[in-house]
Amino acid sequence: MTDRPALRRRLRDQRRALPAPARIAAAEGLATQLFALPALPESGYVAGYWASDGEIGLHVFQMRLPAGLIYCLPVLHDEVLRFAPWRAGDPLVTNRYGIPEPDVEPASALDASAMALVVTPLVGFDARGHRLGMGGGWYDRSFGFRRAQAAPPLLVGAAFALQQVEGLDAADWDVPLDAICTESNTLHPPTAA
């Protein structure tokens with residue numbers, strides 16, 4: 001059994017230690033990998049995240065989104081994530097975890113099922129597509145409906161290549177990812193829905 005808290009600390013320390021030039025290059029590489037996804041939607045809502053705690057940045061991806069795709073950021077609502085359209089310059093507020101989110105009434109934000117694509121940050125991942133998040137279960141609760149049936153949105157994890165580990169144990173509540181993109185590669189897990 002993996003010591004998840006210790007692994008989280010180690011992987012978070014590694015990604016935070018990356019120098020700025022490596023981070024900038026990684027954001028470019030990640031955008032290239034995301035745009036090359038065969039199932040990339042042509043229109044609809046695309047959920048990203050506000051990179052914090054050393055997470056790989058999505059700003060290049062967001063700035064280059066085609067006109068038919070609307071970028072959204074997560075908004076905490078009760079115990080699930082909802083999503084609100086956001087463009088650079090739109091007002092933000094800080095949530096209880098210190099992460100910026102759109103300044104909207106959470107209940108008015110879009111439901112997880114309204115997204116066409118969701119790019120979620122990862123703390124760690126393995127070759128089978130098992131993932132390690134921050135441990136709060138937000139994405140698993142929000143996209144739990146996908147465990148019962150293969151349904152949109154397309155779920156893609158994003159991480160630096162150095163965050164790949166030998167193996168992770170899957171938990172019963174984990175929602176499988178359709179792909180994992182790093183700055184240099186895209187993994188299509190055998191466990192994908």
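Strands β2 and β3 form a hairpin with two residues between them, and D78 in the turn has a positive phi of about 50 degrees. Helices (H or I, at least four residues) and strands (E, at least two) are DSSP runs, numbered from the N terminus. The model is predicted, so local features need pLDDT of at least 70 and side-chain atom pairs count only at pLDDT 80 or more, while totals for chains, interfaces and linings use all residues. Residues are numbered from 1 along each chain as its sequence is written, and side-chain values use heavy atoms, with hydrogens and water left out.

Strand β2 covers residues 69-77 and strand β3 residues 80-85; the two pair in the antiparallel sense over six bridges, where pairing requires at least two DSSP bridges between the strands.

Two aspartates are worth a look for their backbone angles. D78, in the loop between β2 and β3, counts as exposed at 60% relative accessibility. D53, also not a glycine, has a positive phi of about 55 degrees and sits in the loop between β1 (44-47) and α3 (59-63). At 24% relative accessibility, D53 is partly exposed (buried means under 20% relative accessible area, exposed over 50%, partly exposed in between; 1.4 Å probe, protein chains only).

Leaving aside residues up to four places away in sequence, R96 touches L76, D78, E79 and W138, contact being heavy atoms within 4.5 Å. R96 is exposed, with a relative accessible area of 56%.
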